[in-house]
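Work through the following exercises with the sequence and the coordinates open. Each task is followed by a solution in steps.

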Amino acid sequence: MRTKYNAKAVAYLNSEFKNQFVIDKEESKKAMLDYVKSRPTYLEIGPGKGQFILQIAREYPEYNFLVCELNPTICGIALKKIDESELTNVKLFYGNFYKLRDILQSDAFEGLFLNFSDPWPKKRHTKRRLTHDLFLVEYAKIIKENGIIRFKSDNQELYEYSLEQFERYKWEILENNTNYTTYDSFDALTEYETRYKTQGINIKRLVLKKTKDTIKEVVEEE
């Protein structure tokens, strides 16, 4: 679901820097590196309004959490909630994932959350899917060995596509659930997920582990 432009959210994003890392400021990039190194850190790409990551961060104060988002409206909404939470273990990076990757070192994260990512159903948009080849090889570089990707989606086609992709790039499948209703301790509901459950929409969930066999280069089609 696409988010409508919100001028107040964008204005907040552009005026507040308490819990935000800014790509064009060297001191901010250094602060982000220090933050990620300071404690085991998990990355979420696409935080929505921040409900998921804030709940996880409250329950696991021993970890740091970093969210990455490109949409300025979503960033502004999430940043305001992060600031208001007064949690010190959640920060936001406003920008392209590849720019984040360029700043960080290899094996930076304990794991990654992909919650209800845009399915980008049209073929010409395949490269925008967060489980496309180009993303998977980068995840394999920035996630530590034995690190975990936790993927949730309401979209059947994206789930099937992503499962094939993870298998192709040799991520070990620890969980494959097409009707995910029993939540484990390292998970939380997103805003949209609550709505999907009341509508009777099945949630698909994958839990995947990076191993020494996980592929870090794009696999060429035969």
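**Exercise 1. A charged network**

Task: State which residues are linked in a network of salt bridges, then examine the pair formed by Asp187 and Lys152.

Solution. The network links Lys152, Glu175, Asp184, Asp187, Glu193 and Arg205. The model is a predicted one, and the distances that follow are computed from it.

Step 1: take the distance. The closest N and O atoms of Asp187 and Lys152 are 2.9 Å apart, and the cut-off for a salt bridge is 4 Å, so the pair qualifies.

Step 2: check the accessibility. Asp187 has a relative accessible area of 7% and is buried. Lys152 is buried too, at 2%.

**Exercise 2. Two further salt bridges**

Task: How many salt bridges does the count come to? Describe the pairs Lys80 with Glu84 and Glu110 with Lys144.

Solution. The count comes to 16 salt bridges. Side chains of opposite charge can pair when their charged atoms come close.

Step 1: Lys80 and Glu84. Their side chains meet in a salt bridge with an N to O distance of 2.4 Å. Both residues are in helix H4, and because they are 4 residues apart, about one helical turn separates them. Lys80 is partly exposed, with a relative accessible area of 37%, whereas Glu84 is exposed at 51%.

Step 2: Glu110 and Lys144. The closest N and O atoms of this salt bridge are 2.6 Å apart. Here the pair links distant parts of the chain, with Glu110 in strand E5 (residues 109-115) and Lys144 in strand E6 (residues 143-153), 34 residues apart. Glu110 is partly exposed, with a relative accessible area of 21%, and Lys144 also counts as partly exposed, at 31%.

**Exercise 3. The largest pocket**

Task: What is the volume of the largest pocket, and which element gives the most to its lining?

Solution. 

Step 1: volume. The largest pocket holds about 1,200 Å³ of space.

Step 2: lining. There are 39 lining residues, and Gly46, Glu69, Ile74, Ser117 and Asp118 lie nearest the centre.

Step 3: elements. Two or more lining residues come from each of E2, strand E3 (64-69), helix H4 (72-85), helix H5 (97-103) and helix H8 (191-198). H8 gives the most, with 4 residues.

**Exercise 4. Positive phi values**

Task: Find where Glu86 and Lys170 lie, and state whether each is buried, partly exposed or exposed.

Solution. 

Step 1: Glu86. Its phi is near 60 degrees, a positive value in a residue other than glycine. Glu86 is in the loop between H4 and strand E4 (90-94) and is exposed, with a relative accessible area of 65%.

Step 2: Lys170. Phi of this non-glycine residue is positive as well, near 60 degrees. Lys170 is in the loop between helix H7 (156-168) and E7, and is partly exposed at 46%.

**Exercise 5. A residue in helix H2**

Task: Is Ser28 buried or exposed, and which residues does Ser28 touch?

Solution. 

Step 1: Ser28 lies in helix H2 (residues 26-38).

Step 2: the relative accessible area of Ser28 is 10%; buried means under 20%, so Ser28 is buried.

Step 3: not counting residues up to four places away in sequence, Ser28 touches Gln20, Phe21 and Val22.

Note on methods: Residues are numbered from 1 along each chain as its sequence is written. This is a predicted model: local features need pLDDT of at least 70, side-chain atom pairs count only at pLDDT 80 or more; totals for chains, interfaces and linings use all residues. Side-chain values use heavy atoms; hydrogens and water are left out. On a 1 Å grid over the protein atoms alone, a cavity is a set of points where a 1.4 Å probe fits but cannot get out, and a pocket is an open set with protein on both sides within 12 Å along at least five of seven lines; lining residues have an atom within 4 Å of a point. Grid points are joined across faces, edges and corners, and a volume is the space filled by probe spheres set on the points. Buried means under 20% relative accessible area, exposed over 50%, partly exposed in between (1.4 Å probe, protein chains only). Contact means heavy atoms within 4.5 Å.
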